[in-house]
Every structure is written in C-alpha cells, then in structure tokens.
Amino acid sequence: MTPERNPTVLLLGTLDTKGKEYAYLRERIRERGVDVLLVDAGILGEPLTEPDVTRQEVAAAGGADVEALAEARDRSAAIEAMSRGAAEVVLRLHAEGRFDAIGALGGTGGTALATHAMQRLPIGEPKLMVSTAASGNTQRYFGPVDVTMMYSVVDIAGLNSILTGILGNAAGSLVGMATTPVSPPGERKPLIVASMFGVTTPCVTVARERLEELGYEVIVFHQVGLGGQSLEEVVKAGGVAGVLDVTPGGLVDDIGGGIWPEGPERVETAGRLGVPQIVSLGGLDFVTIGPPDPLPARFAGRTLYIHDNVLAATRPTPEESREVAAVLARKLNAATGPTVLYVPLRGVSLLSTTGAVLADAEADEALFSGLRELVDEARVEVHEVDAEINDPQFALAMANRLHELIAG
C-alpha cells in the first residue's frame, strides 16, 4: 500500500448488467474503511451505478469506440475489445500505485474479461474473482498466475439472501487483501526455480536442500495443470539466478494427448533470456490421462499406473518418446545461456525404474538415443549418469553444477 493514501480496492466489471451488485459490494468494502476505485467495462445499457473510470476510457485504451461496439451488437467482439482496454487501464493504475487489491463479479463473459486483466498483474498482487464459472474448469481464467476464484453459488443477477452473503464474504476478503501489510523482504537471496512431480520429489528435495546450504532461495513448482507455465512466468518476470528444471514431464502430455500439456513456451524462457539452467528428464516416462474409467480409446491395451480415482498414467510409446526427445533437443539447442542436460540412465521417475509398473527399456532407449542424436553438444553440456533420477548423488551433482554455472 502507498503510504500517502488510504487502502484501495479496484473493482472491474460490467456496470450495465451488474451495476447494483457492484454498488452493494463497494458499500460493504467502504464500511470497513477501505476506498474503492470502480472501473466500468460494460457496453450495452447505461451503467446502473456511477464508475470512477468510464467505459469510454476503457474502450479507448483498447483502441475501440464504445458506441461502435454497442451498435455492432457483437458480444464476442465487444468482450475482446473491452478486455484489451480493461487490461491496459488496470496496468496503468497499478503502475501509478492507485490500488492494493483487485476484485470482480461475473458470469462467463465477465469472468473472462476481468481475469484477462488480472493475469497481466504480477504474482502476489491480490486478485479475487467472484464467478458463476468457479464451479467448473477454471484454468483458462486464472492462467499461470494467482487469481483467487470464489464460487458465487447463484447467478449474479439481482441481490438476494444468498448472493449478499457471498458478496459480504468477498468484501471481507478484498479488505483483508488490501490492508494486510507486505512482509518485509529481509535478506534477499539469489533465486532458483525448480520443477517437480511427486515421482521426482526425492531428487528435487535433495537438490533444493543443497542449494539452500549454498545460500539460495529455491521455489519449487508442482508440474500439474499450470505449474510449468507458472515457472516460465516467474523466469520471464526477471530476478531468477538459475533454473533447476528436473521435471519437464508435461512435454509428454503435449505429444501423447495427456491432460496436463505444458504449452509452447515450456523449457524455453530461461534459454531465451540466457538464465543458467540445468535440465533433466523427470516425468518424461508417463502420459497423464485423467480418470481411468472410462479409459480413452487411444490408450487401450497400454499398461496403466492408477494414481487414484481421478488420475492414471501410461507409458509413452517409443515413437512418442523419440518425438519428445526431438522437442526437448530443439528447445535446449536454442538456449542463449549456460545449459546442461543430465540424463539418468536407470529411470527418469519412480514409475520407470527397474521392476516399476511403467518400466520400458525400449521407450527409455528411444528417448535417450533421440537426445544423443539431436542435442548439439557444442551448445549444450550433457551428462549421462548410470543412476536413477532420485539417486541422491544424481541430485547433488545437478545442484552443484547449477551453483557453478551461476557463480561463473
């Protein structure tokens, strides 16, 4: 919070359809001694409550004219234009230090619009979305950043005894977010980000503890859902000294049709920015396929690892493993900074060591030989180690080498 002003919550929404609900939320926030900055992103009817930033200003920030959008009666185009403008307005107000937390209310359209702006804000900036869509798959709304979703239970279509209770909770949450003092940073340590699945936890734990002994702060990203993309976002934001990418396993889901694909930027940001990186092969031995019953037809006949009643995995075929090797090699070869690949020849996770449920020597060899053929060792330092990925000595070797890269 900026010392010379009162704590402030920015509320962003469509005041033509949800103006009364926003007015109610604004009053509940003000009752607690916190100011509100209300931004209108509606286009159809007149705003039902007075905004601080008008829809004309929002549309102009997105390169559009609000009257033209209203006349066109194209809801999709209007949401796209107002989303663009709202994001620019929110970023400008954030840069000016005008608010301490952001909140919004909406159905699917309002949620898409507001969270588009929220995703542009830094991780750690408080963000609360009260939404009818919070009961389903919310991944596309919060992306790789820390948007908090609150389920509205009922539609945001008129004040009633249920919705007013939800909005009261939202007001309390936003007030708490806006008024909680930021913890003092203390001693700043060089930052390392790392990737981990449960099946590579022993490796990452040993490496993390060693790096902490060497004076680093280590942040670990769980590679489920958007974990890999969140890691890339943190690297992109700057201030990261090194990357310990033990577990780029989602690359397999991109190729094998799993439920947690990593996206095109995975294992690219550090290389593009020249950040020292250690990369291994954790999790490249399974495709995550979601609930095993019913089993998708494309996985019929394959060996399954049943994690629980909502998650199962299967081994990628040798052909898929060769394709993964090609993708990873291309990404590593493009790196502009120090890049080291560690290959654990006795298993790339707990699931594929000798005797484990997904052990497959042919798929292993397809992955390893593909990397041998395609990784440019003039650009990438490669270590093939006769150990499984969770061997403590393998983990220590990666940690110590990353420290050497950063120190160098």
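Tutor: Gladly! Let's begin with a term: helices are DSSP runs of H or I with at least four residues, numbered from the N terminus. Keep in mind that this is a predicted model. Its chain has 14 helices and 14 strands, and 52% of the 408 residues count as buried.

Student: How far apart are Arg-401 and Glu-404 in helix α14?

Tutor: They are 3 residues apart in α14 (residues 392-407), so about one helical turn separates them. Glu-404 is partly exposed, at 45% relative accessibility.

Student: What makes a pair count as a salt bridge?

Tutor: The idea is a side-chain nitrogen of Lys or Arg within 4 Å of a carboxyl oxygen of Asp or Glu. A search of the whole structure finds 26 of them. One joins the side chains of Lys-236 and Glu-265, at 3.1 Å from N to O. Lys-236 lies in helix α9 and Glu-265 in the loop between α10 and α11, so this pair ties together parts 29 residues apart in sequence. Lys-236 has a relative accessibility of 37% and Glu-265 one of 34%, so both count as partly exposed.

Student: Which residues are linked in a network of salt bridges?

Tutor: Glu-232, Asp-245, Glu-262 and Arg-266 are linked in that way.

Student: Now for pockets. How does one find empty space?

Tutor: Rolling a probe the size of a water molecule over the atoms shows where empty space is left. Here, the largest pocket has a volume of about 740 Å³. Its lining has 26 residues, and Pro-122, Ile-123, Gly-124, Val-234 and Ala-237 lie nearest the centre. By type, the lining divides into 13 nonpolar, 7 polar and 6 charged residues.

Student: Which helix gives the most to the lining of the largest pocket?

Tutor: That is α9, with 6 residues. Strand β7 (217-222) also supplies at least two.

Student: Is Leu-174 buried or exposed?

Tutor: Buried means under 20% relative accessible area. Leu-174, in helix α7, has 1% relative accessibility, so it counts as buried. Compare Ile-162, also found in α7: its relative accessible area is 44%, so Ile-162 is partly exposed.

How values were computed: Residues numbered from 1 in each chain as written. Predicted model: local features only at pLDDT ≥ 70, side-chain atom pairs only at ≥ 80, totals over all residues. Heavy atoms only, no water. Buried < 20%, exposed > 50% of the residue type's maximum accessible area, 1.4 Å probe, protein only. 1 Å grid on protein atoms, 1.4 Å probe; cavity = no way out; pocket = protein on both sides within 12 Å on 5 of 7 lines; lining within 4 Å. Points joined across faces, edges and corners; volume = space filled by probe spheres on them. Nonpolar A, V, L, I, M, F, W, Y, C, P; charged D, E, K, R; others polar.
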